[in-house]
Amino acid sequence: MRPPRWFDRLCLSCAAGVLAVGVAALALGALGLLHAVTVIPLSVLLFVLSVPVLRSLDTWRGTTDPAADPPAATPASGSPATVQLAAALAVLVCVGAGIWASVVPGAPVLVDRDPASYATTAKWLAEGNSLWVQQPLAAFGDNSSVQAGSTGVFEVGDRLEFQFLHLPAAVAAAAATVAGDWAVFVTGGLVAALGLLALYAVAVRLTGRPLLALAAPCAIAVSMPFVVVARDTFSESYSLLFLWTALLLLCDLAEQRAGQLDGPGGVRLAAAAG
């Protein structure tokens with residue numbers, strides 16, 4: 001049992017879109033060229049280049065539309081209309097979670113934990129700087145008694161480098177170049193909400209009941225770990241999105257292999273083994 005074709009495509013497109021923005025922002029940030037006029041066209045270009053990959057995945061997965069071909073093996077899953085309704089409700093749950101996390105963001109600014117480190121890195125990148133601070137002590141001349149350093153920043157040679165993964169900070173920086181500094185604090189919540197879409201898609205595959213599968217994103221959306229992560233600039237928001245999208249593809253791979261074993265080829269293989 002799978003969600004409607006449009007829902008699976010939405011999940012994969014969201015993951016590809018976030019990855020495209022992140023790669024574009026990282027490339028431009030490394031060159032010190034991260035601005036709205038550069039990151040938007042490059043992100044769109046990378047996403048367009050990913051469309052053939054998404055189409056090939058759609059063909060390889062053999063996605064079927066439950067509205068046109070409901071699975072007879074799982075009558076408890078409901079009618080095609082129920083499948084479509086449950087998918088629409090899942091989208092509403094994810095939209096609600098994203099809006100709520102954006103309305104009440106944590107907005108960390110004191111660099112004592114991961115979120116503030118990501119936020120300051122994003123702010124640095126959004127101002128057109130690179131992924132590191134070149135010669136931070138140049139203004140002090142040859143004074144060896146002065147040292148540069150901070151929580152979440154370490155010194156490498158004559159420059160300072162930011163700690164942790166750069167993808168969350170790069171995506172937040174790209175959003176900030178377009179929408180302003182407030183976008184740094186809300187991007188994580190929006191990405192986490194997109195992860196709930198993929199979570200629902202996997203839940204439908206595992207349970208075979210679209211309405212019952214709604215319990216998964218609903219429960220996670222109100223859980224304390226999700227609330228903490230979504231309201232701050234944690235990298236776990238991105239892990240949620242990419243992890244469940246990957247599990248979605250793995251579920252389809254397992255289903256495809258099981259179908260091959262159940263088909264004529266599988267019967268011949270079993271007969272040969274016997």
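1. A salt bridge is taken here as a side-chain nitrogen of Lys or Arg within 4 Å of a carboxyl oxygen of Asp or Glu, and in this predicted model the count by that rule comes to six salt bridges.

2. One of these pairs joins Arg2 to Glu255, with the closest N and O atoms 3.3 Å apart. Since Arg2 lies in the segment before helix H1 (5–31) and Glu255 belongs to helix H10 (residues 236–262), the pair ties together parts that are 253 residues apart in sequence. Arg2 counts as buried at 8% relative accessibility, whereas Glu255 is partly exposed, its relative accessible area being 38%.

3. Helix H10 also contributes Asp252, which forms a salt bridge with Arg205 at a closest N and O separation of 2.8 Å. Arg205 sits in helix H6, so this pair ties together parts 47 residues apart in sequence. Asp252 is buried at 1% relative accessibility, and Arg205 is likewise buried, with a relative accessible area of 12%.

4. Lys123 lies in helix H4 (residues 114–126) and Asp181 in the loop between helix H5 (167–179) and helix H6 (182–207), so the pair ties together parts that are 58 residues apart in sequence. Lys123 is partly exposed, with a relative accessible area of 31%, and Asp181 is partly exposed at 42%.

Methods: Residues numbered from 1 in each chain as written. Predicted model: local features only at pLDDT ≥ 70, side-chain atom pairs only at ≥ 80, totals over all residues. Heavy atoms only, no water. Helix = DSSP H or I, 4+ residues; strand = E, 2+ residues; numbered from the N terminus. Buried < 20%, exposed > 50% of the residue type's maximum accessible area, 1.4 Å probe, protein only.
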